[in-house]
Amino acid sequence: MAYATDRKYTKTHEWVKTEGGTAAVGITDYAQEQLGALVFVNLPMEGDSVTAGEPLGDVESVKAVSDIISPVTGTVAAINETLLDHPERVNSDPDEAWFIKVSDVTDTDELLDAAAYEAFVEEEKAKEQ
Amino acid sequence: MEKKTPLYDVYGKYGGKIISFGGYLLPVQFKGIMEEHMAVRTAVGLFDVSHMGEITCRGKDALAFLNRVLTNDYTSLKTGSARYSPMCNDKGGIVDDLIVYKVADEDYFIVVNAATKDKDYAWMQAHVHGDCRLADVSDQYIQLALQGPKAEDVLRRLLPDEAIPKKPYTAKFHVDLQGTDTVVSRTGYTGEDGFELYFAVPDAEKVWNLLLETGRPYGIQPCGLGARDTLRMEAAMPLYGQEMSDDITPLEAGLDRFVKLTKPDFIGKAALVAAGEPQRVRVGLKVTGRGIVREHMDVWAAGKLVGHTTSGTYCPYVKRPIAMALVDRDHAAAGTPLEVDVRGRRVAVETEPLPFYTRKK
(Lines give C-alpha, C1' and ligand atoms only; values in the text may rest on other atoms or scores of the structure.)
Protein backbone atom coordinates (compact mmCIF):
# COMPACT_ATOMS: atom_id res chain seq x y z
CA MET A 1 0.00 0.00 0.00
CA ALA A 2 1.43 3.34 -1.02
CA TYR A 3 0.30 6.22 1.14
CA ALA A 4 -0.59 9.51 -0.55
CA THR A 5 2.23 12.06 -0.47
CA ASP A 6 -0.12 15.08 -0.52
CA ARG A 7 -0.70 14.83 3.22
CA LYS A 8 0.87 14.06 6.60
CA TYR A 9 0.16 11.24 9.06
CA THR A 10 0.03 10.59 12.79
CA LYS A 11 1.20 7.60 14.79
CA THR A 12 -2.44 7.14 15.80
CA HIS A 13 -3.29 6.57 12.12
CA GLU A 14 -5.02 9.78 11.12
CA TRP A 15 -4.10 11.80 8.04
CA VAL A 16 -4.19 15.58 7.67
CA LYS A 17 -4.25 17.38 4.35
CA THR A 18 -3.82 21.15 4.20
CA GLU A 19 -5.65 22.85 1.38
CA GLY A 20 -6.93 26.40 0.93
CA GLY A 21 -6.36 27.46 4.53
CA THR A 22 -8.04 24.48 6.18
CA ALA A 23 -6.74 21.11 7.31
CA ALA A 24 -8.87 18.12 6.35
CA VAL A 25 -8.61 15.16 8.74
CA GLY A 26 -9.33 11.50 8.05
CA ILE A 27 -8.10 8.05 9.02
CA THR A 28 -5.68 5.91 7.08
CA ASP A 29 -6.28 2.76 5.11
CA TYR A 30 -4.37 0.81 7.76
CA ALA A 31 -6.67 2.26 10.45
CA GLN A 32 -9.90 1.36 8.66
CA GLU A 33 -8.61 -2.14 8.02
CA GLN A 34 -7.80 -2.59 11.71
CA LEU A 35 -11.19 -1.24 12.79
CA GLY A 36 -13.24 -3.36 10.39
CA ALA A 37 -16.59 -2.35 8.92
CA LEU A 38 -17.63 0.95 10.47
CA VAL A 39 -21.26 1.41 11.44
CA PHE A 40 -21.24 4.82 13.13
CA VAL A 41 -19.23 8.02 13.02
CA ASN A 42 -19.55 10.60 15.79
CA LEU A 43 -18.26 14.04 14.75
CA PRO A 44 -17.93 17.38 16.53
CA MET A 45 -20.04 20.39 15.46
CA GLU A 46 -18.97 23.24 13.25
CA GLY A 47 -17.40 25.91 15.44
CA ASP A 48 -16.15 23.44 18.08
CA SER A 49 -12.49 23.64 18.89
CA VAL A 50 -10.27 20.60 18.54
CA THR A 51 -6.89 20.04 20.17
CA ALA A 52 -3.88 18.21 18.75
CA GLY A 53 -3.49 14.87 20.48
CA GLU A 54 -7.06 14.87 21.87
CA PRO A 55 -10.09 12.96 20.53
CA LEU A 56 -12.15 14.91 18.00
CA GLY A 57 -14.84 12.25 17.77
CA ASP A 58 -15.13 8.51 17.46
CA VAL A 59 -15.92 5.72 15.07
CA GLU A 60 -17.68 2.50 15.90
CA SER A 61 -17.47 -0.92 14.36
CA VAL A 62 -19.79 -3.75 15.38
CA LYS A 63 -17.32 -4.76 18.05
CA ALA A 64 -15.79 -1.59 19.40
CA VAL A 65 -15.64 2.17 19.63
CA SER A 66 -12.38 3.96 18.83
CA ASP A 67 -11.37 7.59 19.29
CA ILE A 68 -10.20 9.67 16.36
CA ILE A 69 -7.32 11.81 17.58
CA SER A 70 -7.05 15.31 16.15
CA PRO A 71 -3.68 15.92 14.47
CA VAL A 72 -4.15 19.68 14.81
CA THR A 73 -5.41 22.40 17.15
CA GLY A 74 -7.98 24.75 15.64
CA THR A 75 -11.64 25.38 14.94
CA VAL A 76 -13.97 22.99 13.12
CA ALA A 77 -14.87 24.78 9.88
CA ALA A 78 -16.83 21.91 8.29
CA ILE A 79 -17.89 18.35 8.99
CA ASN A 80 -18.44 15.65 6.40
CA GLU A 81 -22.14 15.01 6.89
CA THR A 82 -22.14 12.25 4.29
CA LEU A 83 -20.24 10.03 6.76
CA LEU A 84 -23.04 10.32 9.33
CA ASP A 85 -25.32 8.34 7.03
CA HIS A 86 -22.61 6.40 5.23
CA PRO A 87 -19.86 5.42 7.68
CA GLU A 88 -18.91 2.59 5.30
CA ARG A 89 -17.35 5.22 2.98
CA VAL A 90 -14.45 5.36 5.45
CA ASN A 91 -13.78 1.71 4.69
CA SER A 92 -14.23 1.94 0.95
CA ASP A 93 -12.26 5.14 0.38
CA PRO A 94 -10.32 6.24 3.47
CA ASP A 95 -8.21 8.80 1.57
CA GLU A 96 -11.27 10.69 0.33
CA ALA A 97 -13.47 10.27 3.41
CA TRP A 98 -12.45 13.31 5.43
CA PHE A 99 -14.14 13.70 8.82
CA ILE A 100 -13.68 17.40 9.52
CA LYS A 101 -11.94 20.46 8.11
CA VAL A 102 -10.12 22.60 10.65
CA SER A 103 -9.40 26.32 10.27
CA ASP A 104 -7.19 28.66 12.33
CA VAL A 105 -4.69 25.90 12.96
CA THR A 106 -2.37 26.97 15.78
CA ASP A 107 -0.62 23.70 16.64
CA THR A 108 -0.02 20.22 15.28
CA ASP A 109 0.76 16.83 16.72
CA GLU A 110 3.95 15.06 15.65
CA LEU A 111 3.35 14.42 11.94
CA LEU A 112 5.02 11.91 9.62
CA ASP A 113 5.41 12.08 5.86
CA ALA A 114 4.12 9.20 3.73
CA ALA A 115 7.39 7.27 3.71
CA ALA A 116 7.89 7.59 7.47
CA TYR A 117 4.27 6.60 8.11
CA GLU A 118 4.57 3.57 5.87
CA ALA A 119 7.68 2.48 7.77
CA PHE A 120 5.79 2.99 11.04
CA VAL A 121 2.89 0.82 9.82
CA GLU A 122 5.31 -1.92 8.81
CA GLU A 123 6.69 -1.88 12.35
CA GLU A 124 3.17 -2.13 13.77
CA LYS A 125 2.39 -5.05 11.49
CA ALA A 126 5.59 -6.80 12.54
CA LYS A 127 4.53 -6.45 16.20
CA GLU A 128 1.21 -8.12 15.42
CA GLN A 129 2.86 -11.27 14.08
CA MET B 1 -1.92 -17.97 31.72
CA GLU B 2 -4.69 -17.96 29.18
CA LYS B 3 -5.80 -21.24 27.69
CA LYS B 4 -5.91 -22.10 24.02
CA THR B 5 -8.38 -24.50 22.48
CA PRO B 6 -6.83 -27.38 20.51
CA LEU B 7 -7.74 -25.47 17.33
CA TYR B 8 -5.73 -22.38 18.26
CA ASP B 9 -3.04 -23.03 15.68
CA VAL B 10 -5.61 -23.36 12.91
CA TYR B 11 -7.11 -19.87 13.40
CA GLY B 12 -4.15 -18.14 11.79
CA LYS B 13 -4.63 -20.08 8.56
CA TYR B 14 -8.07 -18.50 8.16
CA GLY B 15 -7.04 -14.97 9.17
CA GLY B 16 -8.40 -15.22 12.70
CA LYS B 17 -7.91 -12.15 14.94
CA ILE B 18 -7.35 -13.35 18.48
CA ILE B 19 -8.79 -11.90 21.69
CA SER B 20 -9.06 -13.05 25.28
CA PHE B 21 -12.48 -14.33 26.38
CA GLY B 22 -13.49 -16.37 29.41
CA GLY B 23 -9.86 -17.23 30.15
CA TYR B 24 -9.25 -18.42 26.59
CA LEU B 25 -7.50 -16.98 23.56
CA LEU B 26 -10.18 -17.16 20.87
CA PRO B 27 -10.80 -15.70 17.42
CA VAL B 28 -13.05 -12.63 17.51
CA GLN B 29 -13.33 -12.74 13.74
CA PHE B 30 -11.94 -14.29 10.58
CA LYS B 31 -13.12 -12.56 7.41
CA GLY B 32 -15.15 -9.93 9.28
CA ILE B 33 -18.04 -9.89 11.72
CA MET B 34 -20.51 -8.63 9.09
CA GLU B 35 -19.63 -11.32 6.54
CA GLU B 36 -19.65 -14.05 9.16
CA HIS B 37 -22.98 -12.93 10.60
CA MET B 38 -24.58 -12.87 7.17
CA ALA B 39 -23.11 -16.28 6.27
CA VAL B 40 -24.90 -17.80 9.28
CA ARG B 41 -28.21 -16.09 8.44
CA THR B 42 -28.12 -16.99 4.75
CA ALA B 43 -25.82 -20.02 4.35
CA VAL B 44 -23.69 -21.69 7.03
CA GLY B 45 -20.96 -20.80 9.51
CA LEU B 46 -18.55 -22.87 11.60
CA PHE B 47 -17.56 -21.83 15.13
CA ASP B 48 -14.99 -23.36 17.47
CA VAL B 49 -16.69 -23.17 20.85
CA SER B 50 -14.40 -25.62 22.63
CA HIS B 51 -13.98 -23.12 25.47
CA MET B 52 -17.45 -24.18 26.70
CA GLY B 53 -17.34 -26.56 29.65
CA GLU B 54 -18.70 -30.11 29.74
CA ILE B 55 -19.69 -31.95 32.90
CA THR B 56 -21.03 -35.48 33.15
CA CYS B 57 -23.61 -36.33 35.78
CA ARG B 58 -24.34 -39.99 36.50
CA GLY B 59 -26.05 -42.14 39.09
CA LYS B 60 -29.41 -43.19 40.54
CA ASP B 61 -29.89 -39.75 42.09
CA ALA B 62 -28.72 -37.74 39.05
CA LEU B 63 -32.26 -36.72 38.04
CA ALA B 64 -33.12 -35.62 41.58
CA PHE B 65 -29.88 -33.62 41.64
CA LEU B 66 -30.71 -31.80 38.38
CA ASN B 67 -34.23 -31.00 39.54
CA ARG B 68 -32.83 -29.62 42.79
CA VAL B 69 -29.94 -27.56 41.40
CA LEU B 70 -31.65 -26.28 38.21
CA THR B 71 -34.81 -24.22 37.78
CA ASN B 72 -36.19 -26.20 34.83
CA ASP B 73 -37.88 -29.59 35.30
CA TYR B 74 -35.97 -32.60 33.96
CA THR B 75 -38.47 -35.27 34.99
CA SER B 76 -39.98 -35.59 31.53
CA LEU B 77 -36.69 -35.24 29.58
CA LYS B 78 -36.34 -38.16 27.18
CA THR B 79 -33.14 -39.94 26.23
CA GLY B 80 -31.73 -38.15 23.19
CA SER B 81 -33.17 -34.78 24.17
CA ALA B 82 -31.69 -31.61 25.62
CA ARG B 83 -33.17 -28.96 27.86
CA TYR B 84 -31.95 -25.46 28.73
CA SER B 85 -31.99 -24.11 32.28
CA PRO B 86 -30.71 -21.33 34.48
CA MET B 87 -28.96 -22.49 37.67
CA CYS B 88 -29.76 -20.26 40.64
CA ASN B 89 -28.09 -19.39 43.91
CA ASP B 90 -30.04 -19.22 47.18
CA LYS B 91 -31.02 -15.61 46.48
CA GLY B 92 -32.51 -16.52 43.12
CA GLY B 93 -29.61 -14.92 41.21
CA ILE B 94 -28.17 -16.83 38.29
CA VAL B 95 -25.00 -18.89 38.83
CA ASP B 96 -24.95 -19.83 35.13
CA ASP B 97 -27.19 -20.96 32.29
CA LEU B 98 -26.61 -24.36 30.76
CA ILE B 99 -27.92 -27.22 28.65
CA VAL B 100 -28.47 -30.76 29.92
CA TYR B 101 -28.57 -33.73 27.54
CA LYS B 102 -30.04 -37.05 28.60
CA VAL B 103 -27.65 -39.68 27.26
CA ALA B 104 -29.42 -42.57 28.98
CA ASP B 105 -31.27 -43.18 32.24
CA GLU B 106 -29.05 -41.95 35.08
CA ASP B 107 -26.59 -40.49 32.57
CA TYR B 108 -26.58 -36.78 31.72
CA PHE B 109 -24.19 -34.47 29.84
CA ILE B 110 -24.14 -30.82 30.93
CA VAL B 111 -22.72 -27.95 28.87
CA VAL B 112 -21.81 -24.74 30.74
CA ASN B 113 -20.14 -21.42 29.99
CA ALA B 114 -16.35 -21.16 29.88
CA ALA B 115 -15.84 -18.28 32.31
CA THR B 116 -18.15 -19.81 34.93
CA LYS B 117 -17.18 -23.45 34.56
CA ASP B 118 -15.11 -23.77 37.74
CA LYS B 119 -17.68 -21.82 39.77
CA ASP B 120 -20.48 -24.02 38.36
CA TYR B 121 -18.64 -27.22 39.11
CA ALA B 122 -17.91 -26.20 42.70
CA TRP B 123 -21.54 -25.12 43.18
CA MET B 124 -22.83 -28.41 41.77
CA GLN B 125 -20.41 -30.50 43.82
CA ALA B 126 -21.57 -28.73 46.97
CA HIS B 127 -25.16 -29.85 46.31
CA VAL B 128 -24.62 -33.49 45.35
CA HIS B 129 -26.45 -36.06 47.48
CA GLY B 130 -26.65 -39.82 47.30
CA ASP B 131 -25.61 -41.68 44.18
CA CYS B 132 -24.71 -38.84 41.83
CA ARG B 133 -21.24 -38.54 40.36
CA LEU B 134 -20.07 -35.39 38.61
CA ALA B 135 -16.98 -35.17 36.42
CA ASP B 136 -15.54 -32.14 34.68
CA VAL B 137 -14.61 -33.49 31.24
CA SER B 138 -14.15 -30.10 29.55
CA ASP B 139 -10.54 -30.73 28.58
CA GLN B 140 -11.48 -33.90 26.73
CA TYR B 141 -14.00 -32.33 24.36
CA ILE B 142 -14.00 -30.20 21.27
CA GLN B 143 -17.23 -28.38 20.58
CA LEU B 144 -17.94 -27.04 17.11
CA ALA B 145 -21.11 -25.18 16.15
CA LEU B 146 -22.30 -25.56 12.55
CA GLN B 147 -25.02 -22.96 12.18
CA GLY B 148 -27.23 -21.66 9.42
CA PRO B 149 -29.93 -22.69 6.92
CA LYS B 150 -27.41 -24.84 5.01
CA ALA B 151 -26.00 -26.59 8.09
CA GLU B 152 -28.18 -29.67 7.58
CA ASP B 153 -27.17 -29.94 3.91
CA VAL B 154 -23.52 -29.96 4.93
CA LEU B 155 -24.05 -32.67 7.54
CA ARG B 156 -26.11 -34.76 5.16
CA ARG B 157 -23.10 -35.07 2.88
CA LEU B 158 -21.22 -36.66 5.77
CA LEU B 159 -23.84 -38.59 7.71
CA PRO B 160 -26.72 -40.98 7.02
CA ASP B 161 -30.26 -39.81 7.75
CA GLU B 162 -30.53 -41.74 11.01
CA ALA B 163 -27.49 -39.91 12.42
CA ILE B 164 -29.11 -36.49 12.04
CA PRO B 165 -31.31 -35.28 14.90
CA LYS B 166 -34.56 -33.99 13.37
CA LYS B 167 -36.04 -31.80 16.05
CA PRO B 168 -34.52 -28.80 17.81
CA TYR B 169 -33.05 -29.74 21.18
CA THR B 170 -32.55 -33.38 20.28
CA ALA B 171 -29.23 -35.18 19.84
CA LYS B 172 -27.65 -38.38 18.54
CA PHE B 173 -24.86 -39.93 20.56
CA HIS B 174 -21.93 -41.99 19.25
CA VAL B 175 -22.38 -40.89 15.66
CA ASP B 176 -19.54 -42.10 13.43
CA LEU B 177 -18.45 -38.89 11.67
CA GLN B 178 -15.83 -40.26 9.27
CA GLY B 179 -14.23 -42.23 12.07
CA THR B 180 -14.80 -39.70 14.87
CA ASP B 181 -17.14 -40.64 17.70
CA THR B 182 -19.39 -37.56 17.84
CA VAL B 183 -22.40 -36.18 19.67
CA VAL B 184 -24.58 -34.43 17.07
CA SER B 185 -26.99 -32.00 18.69
CA ARG B 186 -29.58 -29.81 16.98
CA THR B 187 -28.90 -26.75 19.10
CA GLY B 188 -27.12 -23.43 18.81
CA TYR B 189 -26.73 -19.88 19.94
CA THR B 190 -27.46 -17.94 16.77
CA GLY B 191 -31.25 -17.95 16.35
CA GLU B 192 -30.72 -20.08 13.26
CA ASP B 193 -31.15 -23.78 12.55
CA GLY B 194 -27.94 -25.66 13.18
CA PHE B 195 -25.93 -28.22 15.07
CA GLU B 196 -23.40 -28.47 17.84
CA LEU B 197 -20.89 -31.29 17.61
CA TYR B 198 -18.93 -32.73 20.53
CA PHE B 199 -16.00 -35.09 20.07
CA ALA B 200 -12.59 -35.93 21.50
CA VAL B 201 -9.69 -33.48 21.32
CA PRO B 202 -7.30 -35.46 19.06
CA ASP B 203 -9.70 -35.16 16.09
CA ALA B 204 -10.13 -31.38 16.38
CA GLU B 205 -8.31 -30.31 13.25
CA LYS B 206 -9.49 -33.25 11.17
CA VAL B 207 -13.20 -32.52 11.79
CA TRP B 208 -12.77 -28.73 11.48
CA ASN B 209 -11.14 -29.20 8.05
CA LEU B 210 -13.68 -31.82 7.01
CA LEU B 211 -16.61 -29.51 7.76
CA LEU B 212 -15.03 -26.51 6.02
CA GLU B 213 -14.19 -28.63 2.99
CA THR B 214 -17.66 -30.19 2.80
CA GLY B 215 -19.32 -26.83 3.39
CA ARG B 216 -17.41 -24.98 0.70
CA PRO B 217 -20.06 -25.42 -2.04
CA TYR B 218 -22.60 -24.01 0.44
CA GLY B 219 -20.58 -20.88 1.15
CA ILE B 220 -19.39 -21.93 4.61
CA GLN B 221 -17.50 -19.31 6.60
CA PRO B 222 -15.35 -19.85 9.71
CA CYS B 223 -16.85 -17.56 12.36
CA GLY B 224 -15.51 -15.93 15.50
CA LEU B 225 -16.90 -14.71 18.80
CA GLY B 226 -17.87 -11.35 17.32
CA ALA B 227 -20.48 -12.86 15.02
CA ARG B 228 -21.53 -15.29 17.75
CA ASP B 229 -22.33 -12.25 19.89
CA THR B 230 -24.20 -10.24 17.21
CA LEU B 231 -26.16 -13.33 16.14
CA ARG B 232 -27.31 -14.18 19.64
CA MET B 233 -28.14 -10.52 20.26
CA GLU B 234 -30.44 -10.27 17.22
CA ALA B 235 -32.16 -13.43 18.42
CA ALA B 236 -32.34 -11.89 21.95
CA MET B 237 -30.57 -14.88 23.50
CA PRO B 238 -29.14 -13.89 26.89
CA LEU B 239 -25.41 -14.02 27.64
CA TYR B 240 -24.07 -14.81 31.08
CA GLY B 241 -22.28 -11.80 32.58
CA GLN B 242 -24.53 -9.42 30.64
CA GLU B 243 -28.24 -10.33 30.71
CA MET B 244 -27.58 -12.75 33.57
CA SER B 245 -25.46 -12.61 36.70
CA ASP B 246 -25.37 -13.68 40.34
CA ASP B 247 -27.52 -10.61 41.07
CA ILE B 248 -30.07 -10.99 38.28
CA THR B 249 -32.87 -13.53 38.62
CA PRO B 250 -34.12 -15.59 35.70
CA LEU B 251 -37.52 -13.91 36.07
CA GLU B 252 -35.91 -10.49 35.65
CA ALA B 253 -33.96 -11.82 32.67
CA GLY B 254 -37.20 -12.93 30.99
CA LEU B 255 -36.46 -16.64 31.35
CA ASP B 256 -39.77 -17.49 33.04
CA ARG B 257 -40.50 -20.46 30.84
CA PHE B 258 -37.34 -22.18 32.09
CA VAL B 259 -38.28 -21.67 35.74
CA LYS B 260 -40.75 -24.28 37.02
CA LEU B 261 -42.17 -22.79 40.17
CA THR B 262 -44.58 -25.76 40.25
CA LYS B 263 -41.68 -28.09 41.17
CA PRO B 264 -41.73 -29.04 44.88
CA ASP B 265 -38.41 -27.28 45.44
CA PHE B 266 -35.20 -26.13 43.81
CA ILE B 267 -32.33 -23.88 44.87
CA GLY B 268 -33.49 -20.29 44.66
CA LYS B 269 -37.21 -21.06 44.56
CA ALA B 270 -37.98 -19.62 47.98
CA ALA B 271 -36.24 -16.35 47.09
CA LEU B 272 -37.95 -16.10 43.71
CA VAL B 273 -41.37 -16.73 45.24
CA ALA B 274 -40.73 -14.25 48.06
CA ALA B 275 -39.61 -11.56 45.60
CA GLY B 276 -42.85 -11.92 43.65
CA GLU B 277 -43.35 -10.07 40.38
CA PRO B 278 -39.90 -8.77 39.29
CA GLN B 279 -39.43 -5.03 39.70
CA ARG B 280 -37.11 -4.81 36.71
CA VAL B 281 -37.37 -6.67 33.43
CA ARG B 282 -35.32 -7.31 30.33
CA VAL B 283 -36.45 -5.28 27.35
CA GLY B 284 -35.32 -4.65 23.80
CA LEU B 285 -34.25 -1.14 22.83
CA LYS B 286 -34.73 0.42 19.44
CA VAL B 287 -32.21 3.24 18.94
CA THR B 288 -34.23 6.20 17.69
CA GLY B 289 -31.41 8.75 18.11
CA ARG B 290 -27.94 8.64 16.61
CA GLY B 291 -25.40 6.28 18.03
CA ILE B 292 -24.48 2.75 19.00
CA VAL B 293 -25.68 1.64 22.43
CA ARG B 294 -23.48 -0.98 24.11
CA GLU B 295 -23.52 -2.97 27.36
CA HIS B 296 -23.39 -1.48 30.87
CA MET B 297 -24.68 1.99 29.99
CA ASP B 298 -27.19 3.85 32.17
CA VAL B 299 -30.80 4.09 31.00
CA TRP B 300 -32.75 7.26 31.88
CA ALA B 301 -36.40 8.26 31.79
CA ALA B 302 -37.06 11.99 32.17
CA GLY B 303 -34.07 12.60 34.44
CA LYS B 304 -34.51 9.41 36.47
CA LEU B 305 -32.10 6.47 36.32
CA VAL B 306 -34.33 3.49 35.48
CA GLY B 307 -31.87 0.75 34.54
CA HIS B 308 -28.82 -0.25 32.52
CA THR B 309 -28.13 -1.82 29.17
CA THR B 310 -26.92 -5.41 29.13
CA SER B 311 -25.90 -5.79 25.47
CA GLY B 312 -25.96 -3.70 22.35
CA THR B 313 -24.34 -3.07 19.02
CA TYR B 314 -25.13 -2.55 15.36
CA CYS B 315 -26.64 -5.79 14.10
CA PRO B 316 -25.76 -6.79 10.56
CA TYR B 317 -28.90 -8.68 9.50
CA VAL B 318 -31.54 -6.30 10.83
CA LYS B 319 -29.16 -3.51 9.74
CA ARG B 320 -29.66 -1.19 12.68
CA PRO B 321 -28.32 -0.59 16.17
CA ILE B 322 -30.13 -2.61 18.84
CA ALA B 323 -29.72 -3.14 22.56
CA MET B 324 -31.14 -5.03 25.50
CA ALA B 325 -31.56 -3.51 28.95
CA LEU B 326 -32.80 -4.27 32.44
CA VAL B 327 -35.25 -1.49 33.33
CA ASP B 328 -37.80 -0.77 36.06
CA ARG B 329 -41.06 -2.42 35.11
CA ASP B 330 -42.86 0.94 35.02
CA HIS B 331 -40.76 1.86 32.00
CA ALA B 332 -40.83 -1.50 30.25
CA ALA B 333 -43.99 -1.30 28.15
CA ALA B 334 -43.24 -1.52 24.41
CA GLY B 335 -42.85 1.92 22.88
CA THR B 336 -41.71 3.70 26.05
CA PRO B 337 -39.25 6.48 25.12
CA LEU B 338 -36.01 6.36 27.14
CA GLU B 339 -32.47 7.68 26.90
CA VAL B 340 -29.13 5.91 27.16
CA ASP B 341 -25.96 7.61 28.36
CA VAL B 342 -23.43 6.80 25.63
CA ARG B 343 -20.12 8.07 27.00
CA GLY B 344 -21.67 11.28 28.25
CA ARG B 345 -24.03 11.79 25.33
CA ARG B 346 -27.76 11.06 25.67
CA VAL B 347 -29.06 8.86 22.86
CA ALA B 348 -32.82 8.45 22.39
CA VAL B 349 -34.17 4.88 22.47
CA GLU B 350 -37.56 3.23 22.69
CA THR B 351 -38.46 -0.11 24.24
CA GLU B 352 -39.27 -2.76 21.67
CA PRO B 353 -40.50 -6.35 21.97
CA LEU B 354 -37.85 -9.11 21.80
CA PRO B 355 -36.49 -10.77 19.75
CA PHE B 356 -35.21 -8.46 17.03
CA TYR B 357 -34.93 -11.36 14.61
CA THR B 358 -36.97 -14.54 14.21
CA ARG B 359 -36.00 -17.23 11.74
CA LYS B 360 -38.54 -17.93 9.03
CA LYS B 361 -39.59 -21.56 9.30
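Two strands are taken to pair if DSSP finds at least two bridges between them. On this basis, in the predicted model considered here, chain A holds an open sheet of 6 strands in the order S1-S2-S3-S9-S8-S5, with antiparallel pairing. The edges of this sheet are formed by strand S1 (8-9) and strand S5 (49-50) of chain A, each of which pairs on one side only. Within the sheet, strand S2 (residues 14-19) and strand S3 (residues 22-27) of chain A are joined in the antiparallel sense over 6 bridges. In this pairing, Glu14(A) is placed opposite Ile27(A) of S3(A). In general, the strands of a sheet pair through backbone hydrogen bonds, in either a parallel or an antiparallel arrangement.

The secondary structure of chain A as a whole amounts to 4 helices and 9 strands. The C-alpha trace of chain A extends over about 40 × 30 × 20 Å along its principal axes. Of the 129 residues of chain A, 42% count as buried. Among contacts in chain A with a separation of 6 or more, 64% are accounted for by residues 24 or more positions apart.

Chain A also meets chain B, with 8 residues of chain A in contact with 11 residues of chain B. On the side of chain A that touches chain B, the most is given by strand S4 (residues 38-42) of chain A, which supplies 3 residues. Classified by residue type, this side of chain A has 4 nonpolar, 2 polar and 2 charged residues.

Ala204(B) is located in helix H6 (residues 204-215) of chain B. The criterion for burial is 20 or more other C-beta atoms within 10 Å. Ala204(B) is buried because 22 other C-beta atoms lie within 10 Å. When neighbours within four places in sequence are left aside, Ala204(B) is in contact with Pro6(B), Leu7(B) and Ile142(B).

Key:
Residues numbered from 1 in each chain as written. Chains lettered and ligands numbered in written order. Predicted model: local features only at pLDDT ≥ 70, side-chain atom pairs only at ≥ 80, totals over all residues. Contact = placed C-beta atoms within 7 Å. Helix = DSSP H or I, 4+ residues; strand = E, 2+ residues; numbered from the N terminus. Nonpolar A, V, L, I, M, F, W, Y, C, P; charged D, E, K, R; others polar. Buried ≥ 20, exposed ≤ 12 C-beta atoms within 10 Å, placed from the backbone.
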